[in-house]
There are 2 protein chains.
Amino acid sequence: MENFEFYSPTRIVFGKDTENQVGLLTKSYSKKVLLHYGGSSIKKSGLYDRVVKSLRDEGIEFVELGGVVPNPRLSLVKEGIKLCRDNGLNFVLAVGGGSVIDSAKAIAIGVPYEGDVWDFFNGRQVEKALPVGVVLTIPAAGSEASPNSVITNEDGWYKRGMGSDLVRPVYSILNPVLTYTLPDYQTACGAADIMAHIMERYFTNTKNVDLTDRLCEATLKTMIRNVPLALENPNDYNARAEIMWAGKVAHFGLLGTGRVQDWASHDIEHEISGIYDVAHGAGLAVVFPAWMKYVYKENVERFVQFASRVWNVDVCFEDQEKTALEGIKKLEDFFRRIGLPVTMKELGITDDRMEEMASKCTRGGTSTVGNFKKLAKNDVYNILRIANT
Amino acid sequence: MENFEFYSPTRIVFGKDTENQVGLLTKSYSKKVLLHYGGSSIKKSGLYDRVVKSLRDEGIEFVELGGVVPNPRLSLVKEGIKLCRDNGLNFVLAVGGGSVIDSAKAIAIGVPYEGDVWDFFNGRQVEKALPVGVVLTIPAAGSEASPNSVITNEDGWYKRGMGSDLVRPVYSILNPVLTYTLPDYQTACGAADIMAHIMERYFTNTKNVDLTDRLCEATLKTMIRNVPLALENPNDYNARAEIMWAGKVAHFGLLGTGRVQDWASHDIEHEISGIYDVAHGAGLAVVFPAWMKYVYKENVERFVQFASRVWNVDVCFEDQEKTALEGIKKLEDFFRRIGLPVTMKELGITDDRMEEMASKCTRGGTSTVGNFKKLAKNDVYNILRIANT
């Protein structure tokens with residue numbers, strides 16, 4: 001096990017009707033907030049009205065900024081920064097999924113910074129940020145308790161991430177009922193994202209990470225059991241609750257403690273959804289199995305453990321590679337079963353910009369991605385090729 | 001799943017040599033601290049010198065208060081409160097195990113309170129507390145990230161707990177190397193305490209708590225695997241690290257989210273160690289199996305799940321009670337294997353004050369303990385009887 005720090009101060013308020021506490025939770029931080037959201041779904045569902053009522057009940061003023069789209073854009077972030085400055089807003093309330101939260105985090109670091117907020121997505125350290133609060137509507141990105149934000153810069157379609165404990169939300173409200181109305185495809189994409197967050201941590205060459213291995217396996221098994229239940233009955237509170245809580249547990253830091261993590265699949269997928277604007281989770285469902293097929297020989301034992309403990313594959317001790325491949329197949333089958341693509345074509349991508357993506361992913365071939373196996377430009381290209389078959 | 005809040009802001013700094021960061025971690029909170037510890041072991045091991053050096057390197061002044069004993073005493077807490085007030089100390093640094101941390105927390109809430117600090121152990125809500133920092137030397141109580149403190153009042157030998165988010169340590173330093181020198185019995189007692197923290201949460205009648213069930217099982221399995229390894233080779237870094245991290249994970253709140261928890265065994269054990277001054281973990285090893293035998297029929301399925309998933313017992317579907325009992329037997333066998341008592345006699349208790357303990361535990365028979373089955377005075381008495389056979 002490696003030395004590590006673990007720090008996750010976000011207060012989680014979980015369960016039915018909890019969005020009505022948003023005013024109460026906000027008022028100790030600010031009385032003037034930016035209310036940030038995506039499209040019209042929160043208005044149709046009545047969530048917008050309940051949030052606004054709760055804010056008004058506590059005498060909190062707000063300025064609105066809707067319009068966040070999947071793969072959230074830098075231009076809207078800059079608009080949000082300007083709105084906060086012009087109106088003296090010092091709290092960003094995100095009502096939505098990961099894209100809205102990531103956009104809110106970017107606004108929160110941009111407001112107190114005199115330079116270009118994109119600097120933080122090129123490695124600049126955050127020194128100050130407005131507090132961010134969250135009402136979550138999509139379990140997927142784990143941004144509700146993570147220190148990360150991923151933003152797409154339309155100027156070149158670069159999708160880049162940043163991380164700082166200063167952008168961990170001060171509170172996150174998680175009401176599983178709000179996820180009843182998610183389309184099946186979005187539920188499935190969210191599930192793939194959550195599972196990917198676990199697997200990015202699980203696939204490591206660090207030895208002696210017994211507890212975190214088992215916690216990862218526990219969380220994956222919970223997803224495998226509950227996602228099909230939620231798809232079968234979208235109003236299944238318990239299945240929705242398990243998925244929503246697993247989404248937070250997957251990405252608040254605990255599952256990666258003491259181990260080198262991978263994150264190549266996320267890096268590769270960012271290039272796909274940066275260019276094609278596909279759903280991040282769908283992109284991950286395509287990239288992850290391809291990545292697995294390309295790297296599993298680096299550490300077959302770990303893939304055998306994955307197959308055995310997560311998918312209950314009967315281990316073939318004589319031929320461990322066979323068991324490893326069976327585990328990868330199980331994952332692929334699961335993604336298909338919940339309605340996700342597992343090839344580039346199924347994702348709707350028919351042109352060939354793989355060379356370009358491999359290059360951007362590795363900063364023109366000058367760097368590598370991932371840790372389980374360090375992937376150069378050529379490796380990324382090969383993985384995209386596998387995903388294309 | 002029930003509605004819940006989850007909040008755990010303690011920063012964990014985990015790994016080799018991390019105690020040398022104590023000065024750096026403390027200085028943003030205070031430059032005048034109470035250095036609180038137990039006996040001479042931290043001086044013998046050199047830990048005391050390293051902590052003092054790190055504090056001095058950052059220009060932090062301190063006043064010392066050693067002498068914390070297992071089942072920490074109210075009188076020393078009061079001494080600590082006076083020391084802080086007389087010397088203007090506004091941070092309590094606990095270097096030790098759960099008893100030292102609990103004592104530090106009690107001092108932290110007592111300093112800003114004009115009344116008797118014991119009030120908080122009789123239900124008074126905490127409104128203010130000094131920040132507490134921790135260098136942990138014994139994985140057991142989980143106090144390093146919990147909101148709880150348990151103190152023994154020598155006037156009547158009452159052992160009582162309090163809880164408040166305000167006493168969660170601001171940081172906790174966990175270096176597994178510091179646990180190499182623990183005597184085997186103390187390692188085992190700590191393990192029983194950690195496992196009990198998980199089981200108090202695991203045994204619930206709340207339905208649909210899939211993720212937390214699995215996280216509990218993962219943490220229990222980690223303990224079952226690693227405690228014997230640590231006993232076999234006290235300097236096994238990896239086994240010590242797993243136990244130390246499991247001790248924190250067991251008790252920082254996550255494993256109990258969304259479910260009604262039990263805690264009867266802890267309440268009953270507090271009466272035993274309050275009177276007889278035995279190690280808390282040893283007391284739990286005696287009480288928990290007895291409690292299980294008394295209550296398992298309330299919800300046999302849960303005990304079957306425990307037997308199957310935690311202990312790999314082959315489920316006898318025709319006779320589920322048999323499987324449940326086999327799981328309880330496995331736990332008892334494990335406690336014995338790691339050198340713990342599982343009866344009152346083995347704990348060294350030969351006189352009969354069970355009536356008195358059952359009465360104190362239920363406040364003279366006026367209240368119940370536990371939730372899996374609500375236990376009246378008579379039930380507690382029966383459990384103590386089972387523990388006595």
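The model is predicted: local features need pLDDT of at least 70, side-chain atom pairs count only at pLDDT 80 or more, and totals for chains, interfaces and linings use all residues. Residues are numbered from 1 along each chain as its sequence is written, chains are lettered from A in the order in which they are written, and side-chain values use heavy atoms, with hydrogens and water left out.

**Contact between chains A and B**

- Chain B gives 42 residues to the contact and chain A gives 42 residues; contact means heavy atoms within 4.5 Å.
- About 3,700 Å² is buried between chain B and chain A, and carbon and sulfur atoms give 57% of that area. Buried area is the accessible area (1.4 Å probe) that two parts lose on being put together, summed over both.
- On the chain B side, Met1(B), Leu211(B) and Trp245(B) lose the most area to chain A, together 18% of what that side buries.
- Six salt bridges are counted between chain B and chain A. A salt bridge is a side-chain nitrogen of Lys or Arg within 4 Å of a carboxyl oxygen of Asp or Glu.
- Arg11(A) and Glu5(B) form a salt bridge through their side chains, at 3.1 Å from N to O.
- Strand S1 (4-14), helix H7 (210-232) and helix H8 (237-251) of chain B each supply at least two residues of the side that touches chain A. Helices (H or I, at least four residues) and strands (E, at least two) are DSSP runs, numbered from the N terminus.

**Helix H13 of chain A**

- Helix H13 (residues 354-361) of chain A has these buried residues: Met354(A), Met357(A), Ala358(A), Lys360(A) and Cys361(A). Buried means under 20% relative accessible area, exposed over 50%, and partly exposed in between (1.4 Å probe, protein chains only).
- Down the axis of H13(A), the buried residues fall within an arc of 165 degrees, so they line one face of the helix. The arc is that of the directions from the helix axis to the C-beta atoms.
- The cover over these buried residues includes strand S7 (158-163), helix H9 (264-276) and helix H14 (377-387) of chain A.

- Arg363(A) follows H13(A) and lies in the loop between H13 and H14 of chain A. Its phi is positive, about 50 degrees, although it is not a glycine. Arg363(A) is partly exposed, at 47% relative accessible area.
- Ala376(A) is in the loop between H13 and H14 of chain A. Ala376(A) is partly exposed, at 31%.
- The C-alpha atoms of Ala376(A) and Gly365(A) are separated by 6.7 Å, with the two 11 residues apart along the chain.
- Not counting residues up to four places away in sequence, Ala376(A) touches Thr362(A) and Thr368(A).
- Asn388(A) sits in the segment after H14 of chain A and is buried, at 18% relative accessibility. Leaving aside neighbours within four places in sequence, Asn388(A) contacts Met344(A), Lys345(A) and Met354(A).

**Cysteines**

- The whole structure has zero disulfides over all chains; a disulfide is a pair of cysteine sulfur atoms within 2.5 Å.
- The sulfur of Cys189(A) is 20 Å from the closest cysteine sulfur, in Cys361(A), too far for a bond. Cys189(A) is buried, at 7% relative accessibility.
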